[in-house]
Structure formats: structure tokens, C-alpha cells
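Here's a quick walk through one chain, going from a single residue out to the whole fold. Keep the viewer open as you read.

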Amino acid sequence: MRLDEFDLKILEELEDDARLSIQELARKTGMKRTTIRYRLNKLISSGTLNFACIANVEVLEYQIPIGIGISVAPGKTEDVAREVAALPAVKVINIVSGRYEIFAWALLKGHKELTKFISEDLGRIQGISEFETILAFNWIRESWRYFKPRLETTEVINYEPSALDLTII
């Protein structure tokens, strides 16, 4: 689907506030409500636009964000990536170039869950030849904004390992 300037305008407004009503979107974009409704339906049905709830993970007691670099046996990258992606703790996964074939981000509640994740969850996946976990201490920026990237602070936020505040989609 090719987006025109009107679709982009709608997406930009929703990026600022995904709870806008059709009437508010029409007012902010200068389009008619019927046009907004039609375009929203088109954006949603094409898979261009999805809505998500982003909860504060600290309130949900997630305290351990880890990055995982994964090396795999030749020809097993996509199979391993699918299996790792199916693990509930994994929030983001990519096939990458460089030292590892796969890089993922997982979010865990505590050290027992981390131990289980490493020894049981990752340990049972056939095709993983090696992996490295990297604990995130300083989360400087996390953004899923495309139109108006926002960095409200330029200072590094130092977290205590027991009180990490991280939002991952």
C-alpha cells in the first residue's frame, strides 16, 4: 500500500495520541469524518496501522532487560529465530549481520526467571551453537515514533539493576 500525504497526516496525529476520536482527527487534519473513517479502515485492514497498549513494565515488576546475541548452526537461522520468538519473555528479535546471526531483547522479572530462561528455554532450542546475554543498565532511549522523534532528556538515566524501568513493545 502506498501512503499519500493524507494518510501520513493521520498517522502523525495518531502517533501523538492514539486515543483521538474520528471527530478530533478530522478537526486536526482538516479532513471530513467520513474520509478519516475510510482511511483508518484502509490503514488497519492493510496492516499499515495497528494499535497496542504499552504498560509500564516496572509496575508489572519486570526488572531485568537483557539483550541476547545468538550464533546458530549453518542453515538454521530462521528456524531458531522462530523458536526464540515464541518464548514469552522475548519482546523483540531480529536476524542480523555481524558477530551473531540473531539478536533479541527479553524482559524478565527476576534472577530465577533469568536462570530458567537461559538454562531451560534457550538451552532446549536445537541449532543454537552459542549465545551471550547482555544485561541493560542504562536505557538511554526507546522510541517507536516515526514522525516526530522525541527525546525529552539528553542525560543518561542510570538505573539500579533492581529498579529498571523499560518499555519494550
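## Starting with one alanine

Is Ala136 buried or exposed? This is a predicted model, and in it Ala136 has a relative accessible area of 11%, so with the cut-off for burial at under 20% it counts as buried.

To find Ala136, look in the segment after strand S4, which spans 128–135.

## The whole chain

Zooming out, the chain holds 5 helices and 4 strands. Going along the sequence, they come in the order α-α-α-β-α-β-β-α-β.

The chain has 169 residues, and 31% of them count as buried. Take the contacts between residues at least 6 apart in sequence: 64% of these join residues at least 24 apart.

The largest nonpolar core is made of 20 residues, and the ones with the most contacts inside it are Ile66, Ile68, Ile70, Val80, Val84, Phe117 and Leu122. Two or more residues each come from strand S1 (64–72), helix H4 (77–85), strand S3 (102–108) and helix H5 (111–122). S1 gives the largest share, with 5 residues.

Phe117 is a handy one to click on. Leaving aside residues up to four places away in sequence, Phe117 touches Ile66, Ile68, Leu87, Ala89, Val90, Ala106, Leu108 and Leu122. There's also a second, separate core of 11 residues, with Leu11, Leu20, Leu25 and Leu40 among them.

## H1 and what covers it

Helix H1 has 12 residues and reaches 17 Å from its first C-alpha to its last, close to the 16 Å expected at 1.5 Å a residue. Which residues of H1 are buried? They are Asp7, Ile10, Leu11, Glu13, Leu14 and Glu15. An α-helix has 3.6 residues a turn, so residues three or four places apart point the same way. The cover over the buried residues of H1 includes H2 and helix H3 (33–45).

## How H1 meets H2

Two packed helices are described by the angle and the distance between their axes. Here the axes of H1 (residues 5–16) and H2 (residues 22–29) come within 10 Å and cross at roughly 120°. The crossing is right-handed.

On the H1 side, the contact is made by Lys9, Ile10, Glu13 and Leu14, and these meet Leu25, Lys28 and Thr29 of H2. By type, the residues of this contact split into 3 nonpolar, 1 polar and 3 charged.

Key:
Residues numbered from 1 in each chain as written. Predicted model: local features only at pLDDT ≥ 70, side-chain atom pairs only at ≥ 80, totals over all residues. Heavy atoms only, no water. Axes fitted to C-alpha atoms, helices over the stretch in contact; angles between N-to-C directions. Left-handed = near helix turned anticlockwise from the far one by under 90°. Contact = heavy atoms within 4.5 Å. Nonpolar A, V, L, I, M, F, W, Y, C, P; charged D, E, K, R; others polar. Buried < 20%, exposed > 50% of the residue type's maximum accessible area, 1.4 Å probe, protein only. Core = buried A, V, L, I, M, F, W, Y, C linked by side-chain atoms within 4.5 Å. Expected span 1.5 Å × (residues − 1).
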